[in-house]
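Notebook open, structure loaded. I'm jotting down what I looked up, one spot at a time.

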Amino acid sequence: MGRAVTVATCALNQWALDFEGNLERIFKSIDIAKSKGARYRLGPELEICGYGCSDHYYESDTLLHSFQVLEKLLESPATQDIICDVGMPVLHRNVRYNCRVIFLNKKILLIRPKISLANGGNYRELRWFAPWSKARHVEEYFLPRIIQEVTGQETVPFGDAVLATKDTCLGAEICEELWAPNSPHIEMGLDGVEIFTNSSGSHHVLRKAHARVDLVNSATAKNGGIYILANQKGCDGDRLYYDGCAMISMNGETVAQGSQFSLDDVEVLVATLDLEDVRSYRAEISSRNLVASKVNPYPRVKVNFALSCPDDVAVPTCMPIQWRHHSPEEEISLGPACWLWDYLRRSKQAGFLLPLSGGIDSSATACLVYSMCHQVCLAVKNGNADVLADARRIVNDETYIPEDPRELCKRVFTTCYMASENSSQDTCNRAKLLAEQIGSYHINLNIDAAVKAVVGIFSVVTGQTPRFSVYGGSSRESLALQNVQARVRMVLAYLFAQLTLWARGMPGGLLVLGSANVDESLRGYLTKYDCSSADINPIGGISKTDLKNFIQYCIENFQLTALRSIMSAPPTAELEPLVDGQVAQTDEADMGMTYAELSVYGKLRKIAKAGPYSMFCKLISMWKEICTPREVASKVKHFFRMYSVNRHKMTILTPSYHAENYSPDDNRFDLRPFLYNTSWSWQFRCIDKQVNVL
């Protein structure tokens, strides 16, 4: 009697439309699973084409190439004697579905379409797919000819069914279905399904991992069973970083945990578990058994195959483990660093260029590149041949072995301090010292000549010369002069990114990194088309508060002592003239609000779905110890005026690593108008009425 089943799940760094690379990674995961004795292998959601294909799902090419990859998998000896569960889009009766295709020994057992589609936040699955709405219903799917020639099947089951092997019963969920209030695993478990599978395309958000782990464990805590979760990992071509965390759980406890952040393109978890532990766990839950006796049965696809061996009494099984979660500072250090590495190697560029101002934001960005270099050296030390090959290609040296993060930083990272007459010596020194400690190739330059040339053109044309407010100019003049400096820095950043390596006699170009944090973007405290305009921005979804904590983490873990003075200095743009040689301009004074307040506004606006009136109502309670209702009203009005005046800047925001659920990213996460009636007359009048009452 077989009772010990060996199953495998994986986290794969798939890339949208990279069919060849995706196939190689799928094959590698199957090889590893088989080598460890697994009889079932689960992969991530839409792993064949890559999850982030977006509107490419509309193209028939995407469907064609997915079936071509499936053909390669079916006909390969590597997929013999193991149930393979892969993800791809399928067109059934002219309707496109997000599907699992489950096959064994050149025969497709079941095509299972997704029932609950992810359609909030960054997800737009309803744009490309239809949900399968026929519960416990199976139809015939007519296979394409290229698949028929391999399998000898004309039709296969398509729909909401489960697999009945010789020794157990398996049921599939797909990503969002785990998060739905009526998850399929509930009814499947009551109908005798003992192994639940979930193929996910779930991205990283700070402090989110525990929610996914808790959901998986709770799925089997009340109902018993084995739950296997696979997930995509890495940057597959856009703002998201899929954070792995493949796992296997039984009866409410984790038995296998995959890494959340890693440079390994393929990670496979294998566990051997005792089916009798599931059966005995369920046997004593009387409430479950009473409901189970009344459940509507699922269609069962019979499979002449077992996940266990007949004589397995002595086979050791896996025991529960304690899940180890990263701290938010560790998440910031690792997630964006892995995302940067994927972007660098897949864009085939030679490194990064960062305008390093000596402030917290650009310094945090520099630390992320240093963390990336640290991860690369660690991966090479652990024998990752793919990372080594990528590193050699990036630095254009076939004999290179990255061992020291500082030395690798020198090769792939250029920092540039762009001084003006308004810059202080303190920030210059801080930038230079940090560059020395992380090992970047550092450039000091002065932009005054370029600024004067641009302003001079205006003066020649108009006969007017704008002045800063401290020299008697208007606020319009002062703001325009600040913006010229900021925009000149952007132009120079791209010039140096294109030609610095050329000037040094080296091949390739550099990607420009932006360093505007999520709070500044929300408030619009940045110049349109300044240094916030870059190729990518690893901190654009991270708050100032979290960045400060991350800086402290870097001081302690990377021994970057230069960060201490950066932490203690007040944030400043250094765009206005110095007073007695010292900086007089500060960010928080310019904004009219603190970064701590901005984080609160951001969470209430996006996560709590609060407009001006609702935000006021919440804050008079939250801030009752520090602000009067009239002061709260003034703060809320100021925020919404500034937010709405500057919303247009979000339409050109540099693609940023998505890390916070209150991100103002206009691309697809935070969809709002960018031309507002900035008086908010009706809303503010409602606030004023409440202030008068209070």
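I started with threonine 165, whose side chain makes a polar contact with the side chain of aspartate 167 at 2.7 Å. (A polar contact is a pair of N or O atoms within 3.5 Å; within protein, one must be able to donate a hydrogen and the other to accept it, and residues adjacent in sequence count only if both atoms are side-chain atoms.) This is a predicted model, where local features need pLDDT of at least 70 and side-chain atom pairs count only at pLDDT 80 or more, while totals for chains, interfaces and linings use all residues. Residues are numbered from 1 along each chain as its sequence is written, and side-chain values use heavy atoms, with hydrogens and water left out.

I found threonine 165 in the loop between strand E8 (162-164) and strand E9 (169-174). (Helices, H or I with at least four residues, and strands, E with at least two, are DSSP runs numbered from the N terminus.) Threonine 165 has a relative accessible area of 11%, so I put it down as buried. (Buried means under 20%, exposed over 50%, partly exposed in between, with a 1.4 Å probe and protein chains only.) Setting aside neighbours within four places in sequence, threonine 165 is in contact with Ile83, Leu170, Val303 and Phe305; contact means heavy atoms within 4.5 Å.

Next, glycine 244. I see this glycine in the loop between strand E12 (242-243) and strand E13 (247-250), and glycine 244 is buried because its relative accessible area is 0%. Not counting residues up to four places away in sequence, glycine 244 touches Ala11, Arg212, Asn231, Gln232, Lys233, Ser259 and Gln260. Its C-alpha atom is 7.5 Å from that of alanine 230, 14 residues apart along the chain.

Then I checked phi. Asparagine 94 has a positive value near 65°, though it isn't a glycine. I placed asparagine 94 in the loop between strand E3 (83-92) and strand E4 (95-104), and its relative accessible area of 70% makes it exposed. Tyrosine 529 also has a positive phi, near 65°. I located tyrosine 529 in the loop between helix H17 (518-523) and helix H18 (544-557); with 41% relative accessible area, it is partly exposed.

On to the rings. How many aromatic pairs are there? I get 23, where rings of Phe, Tyr and Trp (its six-membered ring) pair if their centres lie within 6.5 Å, and planes under 30 degrees apart count as stacked, over 60 as edge-to-face and the rest as tilted. Phenylalanine 639 and phenylalanine 640 have ring centres 5.1 Å apart and planes at 75°, so I noted them as edge-to-face. Phenylalanine 639 is buried at 0% relative accessibility, and phenylalanine 640 is buried at 2%.

The charged end of arginine 136 sits over the ring of tyrosine 298, 4.4 Å from its centre. Arginine 411 lies over the face of tyrosine 400, 4.1 Å from the ring centre.

Definitions and conventions: Lys NZ or Arg CZ within 6 Å of the ring centre and 35° of its normal.
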